[in-house]
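Take a look at the chain shown here.

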Amino acid sequence: MAQLKPLPIFSSSLSLLLLALANGVLCFQENYKPLSLKNNNLQWQQKKKTAGVSTCSSQKSRSENGATILELKHKNYCSGKHIDWNKDQQKRLILDDLHVQNLQSRIKNKISGNIKDVSSTENLPLASGIRLQTLNYVVTVELGGEKMTVIVDTGSDLTWIQCQPCKSCYSQQDPIFNPSTSPSYQKVLCNSSSCHSLEFATGNSGVCASNPPACNYFVSYGDGSYTRGELAREHLNLGKTSVKDFVFGCGRNNKGLFGGTSGLMGLGRSVLSLVSQTSSIFGGVFSYCLPSTQAGASGSLILGGNSSVYRNSTPVTFTRMISNPQLPTFYFLNLTGITIGGKQLRDSGFGKGGILIDSGTVITRLPPSIYRALKAEFVKQFSGFPSAPGFSILDTCYNLSAYQEVNIPLMKLQFEGNAELNVDVIGIFYFVKSDASQVCLALASLTFDDEIGIIGNYQQRNQRVIYDTKKSQLGIAGESCSSM
């Protein structure tokens, strides 16, 4: 029996070892997640368009507990065309690069006070918004009794649609709005406060037309894309919620590839944005859950702050919006840290405030030093896989065509106030090619240290992102964006 006495010690040591191994497995499971690499092209296949029925304006809406909920779709759902997956993915990156360059130019122009008078020229540098070809998500609204689908953009303020008679209009799926058939349509006069607000909202001052003295607007999106027309008021229906005398742009001369939509919904912070114009109804609060790009997948845009209508799977955490007097219409946050696979990154660039969250940018851009730290840690943890050439703005790529599934380190973006954005597994890798022979880390570095960082929509998917402009705070929670 004496010979058996050491066994409890051995058994205890073995138990501790097994427990440690189990904890290691649990830790691994918490910080890594499997990503399927096959049939990714299926997520971009388009549903066949029903003859005579617009896929754009068929989106749903409902009201619940004082909130209006609009179905949110990827813009390819609205195009009515078959999408070449590889070309679309590659084109998206190239256009996103142009978009960010234009956005950075806009920011620099605003900081320098470079406001343009548009009365004498059409070929203007970027003054407002962003290049619409890179925007991704659309909702359906009703203006003047007609349904129309518009792109959702937190980086723009003026809502606008194409109008008849149209001097120059791009192709859209829904009928072009004809204001002459609406008894509630009214032109905005050039001496009105709304006309004077254009300069702050768009960077371009309003232009007075004669007989009658209506207010004309111009918004340039870079690379020749623009909308020009008259500022007007009209009845807007957001689901079952009616907004009278809504101020918007009635575009008579528009150029650009806008994915077959009718125009754009501006969700910025100026007095002309939809958020401000509906603040008496919705309290200056809106949120969205951006869906994946699978055919038929849909999320939601919720106007109003009743949290009971959210379907979040994790608690909402809030961070304050950073005030920027030079750029007051944008939404800025203070990024305090990032973890990769549970490992905290160290960099002096964290906690300095001023990173922009934007629904129109696709790929997140980080300051160069932070991106270098992130890339180094990711490459260290995701090792042993064959590399692939970089593409466009993405420089950390792999050839994963021989794998059915891989475990990838998870990423958390941390903000002031202990708020966290747990990036969904589908937001970490960008598939440049559908056969997974070129799969890239879906973040990029800014070109210069003095540029503004941006949290893109690729990393925001399957999150409930809540904008509370009255309390000047942003909430984040995990949510599996699902159909209405």
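Is E416 buried or partly exposed? E416 has a relative accessible area of 24%. Buried means under 20%, so E416 counts as partly exposed. Keep in mind that this is a predicted model.

E416 has a partner. E416 forms a salt bridge with R320, and their closest N and O atoms are 2.5 Å apart. This pair links distant parts of the chain. E416 sits in the loop between β24 and β25, while R320 belongs to strand β15. The two residues are 96 residues apart. R320 is partly exposed too, with 45% relative accessibility.

Now turn to a pair that involves a helix. D395 forms a salt bridge with K375, with 3.7 Å between the closest N and O atoms. D395 lies in the loop between β21 and β22. K375 lies in helix α7, which covers residues 368-381. Here 20 residues separate the partners. D395 is partly exposed at 41%, and K375 is partly exposed at 28%.

E230 is in strand β10, and K187 is in strand β7. They are 43 residues apart, yet they form a salt bridge, the closest N and O atoms being 3.8 Å apart. E230 has a relative accessible area of 8%, so E230 is buried. K187, at 41%, is partly exposed.

Salt bridges with shared partners join K187, E230 and R252 into one network. How many salt bridges are there by this rule? The count comes to nine.

Terms used. Residues numbered from 1 in each chain as written. Predicted model: local features only at pLDDT ≥ 70, side-chain atom pairs only at ≥ 80, totals over all residues. Heavy atoms only, no water. Salt bridge = Lys/Arg side-chain N within 4 Å of Asp/Glu carboxyl O. Helix = DSSP H or I, 4+ residues; strand = E, 2+ residues; numbered from the N terminus. Buried < 20%, exposed > 50% of the residue type's maximum accessible area, 1.4 Å probe, protein only.
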